[in-house]
Amino acid sequence: MTLSTQYGSTSQPEAGGESSPEKLLAPVLSAFWDEEKSWTLDVYRRHDGYEGLRKALAMSPDDLIAYVKESGLRGRGGAGFPTGMKWQFIPQGDGKPHYLVVNADESEPGTCKDIPLLFANPHSLIEGMVIACYAIRSSHAFIYLRGEVVPVLRRLHEAVREAYEAGYLGENILGSGLDLQLTVHAGAGAYICGEETALLDSLEGRRGQPRLRPPFPAVAGLYACPTVVNNVESIASVPAILHKGKEWFRSMGSEKSPGFTLYSLSGHVANPGQYEAPLGITLRQLLDMSGGMRPGHRLKFWTPGGSSTPMFTDEHLDVPLDYEGVGAAGSMLGTKALQCFDETTCVVRAVTRWTEFYAHESCGKCTPCREGTYWLVQLLRDIEAGKGLMSDLDKLNDIADNINGKSFCALGDGAASPIFSSLKYFREEYEQHITGRGCPFDPAKSTAWADRTEVNA
Amino acid sequence: MTTTPSEGVSLGMPHLPAPDYPDDVRARLEADAREVVARYPDSRSALLPLLHLVQSEEGHVTRTGMRFCAEVLGLTTAEVTAVATFYSMYRRKPSGDYQVGVCTNTLCAVMGGDAIFEALQDHLGVGNGETTEDGKVTLEHIECNAACDFAPVVMVNWEFFDNQTVDSAKRLVDDLVAGAQVEPTRGAPLCTFKDTARILAGFPDERAGAVEASGSAGHASLIGLRLAKGEAAPARVVHPRGGGAPQDQPHPEHLSSHDAPQDTSASDPAHPAGPVAEEGE
């Protein structure tokens, strides 16, 4: 394809680079979202639903954990921790109840994969949860769903009801002797509850504030009992691994980042949406196949995995989007939320808004994050309004440095990321706001409808 | 701080205990609460759903509601208040039947969310967190709602209104004020805020057709799948509720209903996810 010049200044990828979507994409979780009533048990079963569970129940729990470990599946919620290893950390024979808690509190700015997944295919999560609970010997599992997505809550309620009725939940599941109760729990609006220990406090009916670790949730999690906390997509990927085999899973992606995953393309692109592909695809490939940036515009900056992952520019179009590739380029794969902004977007405005978000969502427990995010917002608002000083730029960096790595949880690190990375790539743009006494950008030009009137007129 | 303006000057005196619910209301809520508490190994876990439940009774979390939660769970009202004030979905003053939330986190803001929020404030004559005089609409700006591929996004009672424009958002709130039945892009035909809060407390929506409303997936959710199936390169999507031209179609159509026939299915060996499937059998 030759569209690349439209959105990037870097050289073309090597000739012969495969760019046909049929070869580059691999819909697994999303394979039947276009079918009528895709969220129902009937449709799920027609696509081999609950077949992975049968295979899992035929194994011993320890063999099952080993199998998931060998598949190489890594957490899809941001940190990329090996899923099988998390399960293995649960102490066995300790006489305490064990819990599985699925983190469905998808709130990281830019992230929009778990919500469409649960809306169109909730049974993949439920099947994965039954498998996981068999492995870790748990008889009560929870889905902590953020509250602000009622359409998804409706379908989860219905899918859980169907699963109980069909004997995939409840007592003696498929004759295996496994009993499992599943509770769907709606949150109440707090980004911090996506942090796993804050989520556990919230699920215990408290303010969502992170806990000191150790002890880790695997030892003392929900009600101080051994607990696995996994992201929706991680658990939903397990049934396919069991059904189609770990070799099949490892045939996609790379040695250290095997498998398929959901990439969420958003912003000033021609066709925003969900693209499920083997790990390691590049943004250039995704843009090539999907129509590039919106017509007549160029990519300016983007996030590989939500606002908490350091931003990239058009220099990074060929970075393989897997855990190692993105890490080596100075960012994190995160949630694979590819928010793309074109040249009409003011980076100071973007970073100011993200920082306001972190200040709003800071839980207040630790000083660096609570105070630091507050002062970052004051400085950024001044700069955006043309009232900043050159010395403010170093001050921003300094405050971000006092938050990063010094906060109680990763929310603080996330708040520092856009500051560091935008100053690294766009310091001149900050300086323009200061010397020019204001923002040089017209926000009207970056709206979704900015070019529409010209086309229609 | 401890008194409302109607109670006159604050003397720094603490509140008297909140009044209880009327007996019939309390009996009904207690039955619901027992059901909620039974879902958890530890009763305190029921606090968030119970706060949603009392919000479904009065439209916001009142001192009476918090007292109820405290009594049911054996907590102090201070413990309940600490939790109720931490989470942004609990409203602490009377509000409208329809909560209109405009996403103004970075991506939606840049794509037009800021313009939409500003226009709606002018159009409705209310500021952030304020309610129209008729008690119909409460307007607020919200944080990222996990729908960035549908930006700019507006939520009404936590149902998705995707790909909004200034004009479509104004029409939307006009419809709400006029009492018309409004259907989201993704989600069920709107119910009131109180009804929504009951679903959040964990009581399934029992309206016929509510679960299947709006189809399997939104258009953006299907874009990658279509490409992978070798279906025609996606056309530039102009959403019915958006669009410069005022086509007044309140019911967004899913592309799946009028797309070209699919030439491969997931079970077809030609399908990318198909052939390798047998390996692991």
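Me: Which strands does helix 12 of chain A lie across?

Reply: This is a predicted model, in which local features need pLDDT of at least 70, side-chain atom pairs count only at pLDDT 80 or more, and totals for chains, interfaces and linings use all residues. Residues are numbered from 1 along each chain as its sequence is written, and chains are lettered from A and ligands numbered from 1 in the order in which they are written. Helices (H or I, at least four residues) and strands (E, at least two) are DSSP runs, numbered from the N terminus. Helix 12 (residues 283-290) of chain A lies across strand 5, strand 6, strand 7 (299-303) and strand 9 (337-342) of chain A. Its direction is at about 70 degrees to strand 5 of chain A; axes are lines fitted to C-alpha atoms, for helices over the stretch in contact, and angles run from 0 to 180 degrees between N-to-C directions.

Me: What is the order of the strands in the open sheet of chain A?

Reply: Two strands pair if DSSP finds at least two bridges between them. In chain A, five strands form an open sheet in the order 6-5-9-7-8, with mixed pairing. Strand 6 (273-278) and strand 8 (312-313) of chain A are at the edges with a single partner strand each, so one side of each has no neighbour in the sheet. Strand 5 (residues 260-267) and strand 6 of chain A run antiparallel, joined by six bridges. There, A:Tyr263 is opposite A:Tyr275 of strand 6.

Me: Which domains does chain A have?

Reply: Domain bounds come from an automatic or database domain assignment. For chain A it gives domain 1 (21-250), domain 2 (252-342) and domain 3 (347-440). The C-alpha centres of domain 1 and domain 2 of chain A are 25 Å apart. Their contact takes 27 residues from domain 1 of chain A and 29 residues from domain 2 of chain A, where two residues are in contact if their C-beta atoms, placed from the backbone, lie within 7 Å.

Me: How is chain B divided?

Reply: Chain B has domain 1 (13-84) and domain 2 (98-191). Between the centres of these two domains of chain B, taken over C-alpha atoms, the separation is 30 Å.

Me: What pLDDT does chain B average?

Reply: pLDDT is the predictor's confidence in each residue, from 0 to 100. Chain B averages 85, and 79% of the residues score at least 70. Over residues 1-5 of chain B the pLDDT is below 50, yet this stretch has eight contacts in the model beyond near neighbours in sequence.
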